[in-house]
Amino acid sequence: MRIPDELSLYRRSEDFIWTDEHISKGMLAAHLDFTSDAASRNIRTIDRTVEWISQKIPHGGRVLDLGCGPGLYASRLGKKGYDVTGIDISKRSVAYAREKALEENIRIDYRWADYLRDDIGTGYDGVLCIYCDFGALLPAELEILLHKVRDALKREGTFIFDVFKPEICLELKEKKTWQSSPGRGFWSGKPHILLEEVRHFPDQKAWGTRNVVMEEGKEAREFIIWDHYFTEAEIKELLLSYGLGVASFNTRLVSNNTFTSSQVMFVEANKEG
């Protein structure tokens, strides 16, 4: 496979950090580092977010956690008495979540699936999509998600998600850098060269991050992540077209950090009609 010289708008890579055998190990470890905001947020922010969620969704209700990872939010909601289903594309994270639920004697339905392509069920009081997954989707994927969320929710059910605000542009910078590694790193356990490219597409309000891993004797592997940013007005307009009305915004849940930015707003939306 020939790797393009430059990241183009909305290019998707064939490889994914969530399913790569080596990288998924590092992702799970990062999820479980509760002092960090890397793959998940730090423990204080997680607990604060769960308390806020529990004020928005009726206690004991059915909750669907999309992109649940190792179950950091799902397990806490399960302990509070919610009937939780968690879906994630990472087999490694789902396996950990299932094992932890058994260990803690919490009944949670964890499913290894792609929530854009696979069935996510119906009849939920609440649907979650946390850690800015909403803005990581391309426009066509976001359309699929919103249709599925509306169909999955009960009447007046609640959709909770978080997105970056435009102020994220004050923190990110475009770059294109090369570095070598002796191995045992996040991207590869073997000696490799890494290309990291960050590009801003202001007309689409999107940032693209591309990492290309090159090891001797192997084809280069490419990993691309997209991040969109939104204003409150844009979120309201977008959701309204899918029959979802915004009930509130919350910009106080994520404390200042150096990894995923404090420029995050949570959105509480309700299914209308």
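I started with burial: 53% of the 273 residues in the protein chain are buried (under 20% relative accessible area; exposed is over 50%, partly exposed in between; 1.4 Å probe, protein chains only). I note that this is a predicted model, where local features need pLDDT of at least 70, side-chain atom pairs count only at pLDDT 80 or more, and totals for chains, interfaces and linings use all residues. Residues are numbered from 1 along each chain as its sequence is written, and side-chain values use heavy atoms, with hydrogens and water left out.

**Overall form.** I counted 7 helices and 11 strands in the protein chain (DSSP runs numbered from the N terminus: H or I of at least four residues, E of at least two). The radius of gyration is 19 Å, close to the 19 Å of the globule rule for 273 residues, so the chain is as compact as a globular protein of that length. That radius is taken over C-alpha atoms, and the rule is 2.2 Å times the number of residues to the power 0.38. The C-alpha trace spans about 55 × 45 × 35 Å along its principal axes.

**The sheet.** I traced 7 strands in an open, mixed sheet, ordered E3-E2-E1-E4-E5-E11-E10. Two strands pair if DSSP finds at least two bridges between them. E3 (108–112) and E10 (244–250) are the edges; each has a single partner strand, so one side of each lacks a neighbour in the sheet. Neighbouring strands are turned by 20° against each other on average, direction ignored. Axes here are lines fitted to C-alpha atoms, for helices over the stretch in contact, and angles run from 0 to 180 degrees between N-to-C directions.

**Pairings.** I checked E1 (62–66) with E2 (83–88): they are parallel, over 5 bridges. Leucine 66 stands opposite isoleucine 87 in E2. E5 and E11 run antiparallel, joined by 7 bridges. Valine 163 has methionine 265 in E11 as its bridge partner. E10 and E11 are also antiparallel, over 6 bridges. There, serine 248 stands opposite glutamate 268 in E11.

**How enclosed is E11?** I found 7 of its 8 residues buried, so E11 is largely enclosed by the rest of the structure.

**Helices on the sheet.** I looked at H3 (72–79), which lies across E1, E2, E3 and E4 (124–129) and runs at about 160° to E3. Contact means heavy atoms within 4.5 Å. H6 (139–152) lies across E1, E4, E5 (153–164), E10 and E11 (264–271), running at about 145° to E5.
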